Amino acid sequence: MLYGEINRGYVKSTKNQIKKHYTQMSERELDYLKYKLNHIDTIEISEHLYDKITVNFNEENILSILKTETYNIIEFNQVDNYSDERVLVRSTRPFLVDIKGRKKLCDMCFVVSIKTNRVITLYYNERK
């Protein structure tokens, strides 16, 4: 059983990042990001994510989401003048997650670097 926390509606502002929501992107930009995501063969997990004790996950689930295109692109983040490029992805298939002792169907949301294939953070959004 996965466990996690809900972050729906929580928008974090991060210093040295420029964020672009998918509604602000052209079809060409979205296609480019999908291409980059679909060609990730291995992932690395950031120390930040390993340190999050409120969330667990399965690395194979992340790769499966990327390989089978069972996701939506939510946001693109440019970090420190393109030193890193990150994409916020939301799964389109549900996961059963224990949220504070209650089982809920959730979408897995994670930020992945398309330069380093590193998963930066991960959280769940409850399905409505």
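**Exercise 1. Find which residues Asn77 is in contact with, leaving aside its neighbours within four places in sequence, and decide whether Asn77 is buried or exposed.**

Solution. Keep in mind that you are working on a predicted model.

Step 1: Asn77 sits in strand E4, which covers residues 71-79.

Step 2: Collect the contacts. With neighbours within four places in sequence left out, Asn77 is in contact with Gln17, Ile18 and Lys19, and also with Asp84, Glu85 and Arg86.

Step 3: Check the accessibility. The cut-off for buried is under 20% relative accessible area. Asn77 has 4% relative accessibility, so this residue counts as buried.

**Exercise 2. Describe the second largest pocket: what is its volume, which residues line it, and how does the lining divide by class?**

Solution. 

Step 1: The volume of the second largest pocket is about 190 Å³.

Step 2: List the lining. The residues are Ile18, Lys19, Lys20, Met25, Glu29, Tyr32, Leu33, Phe76, Gln78, Tyr82 and Glu85.

Step 3: Assign them to elements. Strand E2 (17-21), helix H1 (27-38) and E4 are the elements that give two or more residues to this lining.

Step 4: Sort by class. The lining has six nonpolar residues, one polar residue and four charged residues.

Step 5: Link back to Exercise 1. Ile18, Lys19 and Glu85 belong to the pocket lining, and these three residues are among the contacts of Asn77.

**Exercise 3. Work out the surroundings of Arg93, and find which side chain makes a polar contact with the side chain of Arg93.**

Solution. 

Step 1: Arg93 is in the loop that runs between strand E5 (84-91) and strand E6 (95-99).

Step 2: With a relative accessible area of 29%, Arg93 falls in the partly exposed class, because that class lies between the 20% and 50% cut-offs.

Step 3: Beyond its neighbours within four places in sequence, Arg93 is in contact with Asn61, Ser64, Ile65, Thr70, Cys106, Asp107 and Arg127.

Step 4: Pick out the polar contact. The partner is the side chain of Asn61, at 3.4 Å from the side chain of Arg93.

Step 5: Compare sequence and space. Arg93 and Ile65 are 28 residues apart along the chain, while their C-alpha atoms are separated by 8.4 Å.

**Exercise 4. Which residues other than glycine have a positive phi, and where do they lie?**

Solution. 

Step 1: Recall the background. Most residues other than glycine have a negative phi.

Step 2: Take Glu69. Its phi is positive, about 55°, and Glu69 is placed in the loop between helix H3 (59-67) and E4. Its relative accessible area is 47%, so Glu69 is partly exposed.

Step 3: Take Lys100. Its phi is also positive, near 50°, and Lys100 lies in the loop between E6 and strand E7 (102-113). At 82% relative accessibility, Lys100 counts as exposed.

Step 4: Look across to Thr54. Thr54 is in the loop between helix H2 (47-51) and H3, and is partly exposed at 36% relative accessibility.

**Exercise 5. Is Leu66 buried or exposed, and which residues does it touch?**

Solution. 

Step 1: Leu66 is part of helix H3.

Step 2: Its relative accessible area is 0%, so Leu66 is buried.

Step 3: Not counting residues up to four places away in sequence, Leu66 touches Leu37, Asn38, Ile40, Tyr71 and Phe110.

**Exercise 6. How many helices and strands does the protein have, and what share of its residues count as buried?**

Solution. 

Step 1: The protein has three helices and eight strands.

Step 2: Along the sequence, the pattern reads β-β-α-β-α-α-β-β-β-β-β.

Step 3: Of the 128 residues, 44% count as buried.

Step 4: Turn to the contacts. Taking those between residues at least 6 apart in sequence, 61% join residues at least 24 apart.

Notes. Residues numbered from 1 in each chain as written. Predicted model: local features only at pLDDT ≥ 70, side-chain atom pairs only at ≥ 80, totals over all residues. Heavy atoms only, no water. Helix = DSSP H or I, 4+ residues; strand = E, 2+ residues; numbered from the N terminus. Buried < 20%, exposed > 50% of the residue type's maximum accessible area, 1.4 Å probe, protein only. Contact = heavy atoms within 4.5 Å. 1 Å grid on protein atoms, 1.4 Å probe; cavity = no way out; pocket = protein on both sides within 12 Å on 5 of 7 lines; lining within 4 Å. Points joined across faces, edges and corners; volume = space filled by probe spheres on them. Nonpolar A, V, L, I, M, F, W, Y, C, P; charged D, E, K, R; others polar. Polar contact = N/O pair within 3.5 Å; in protein donor to acceptor, adjacent residues only side chain to side chain.
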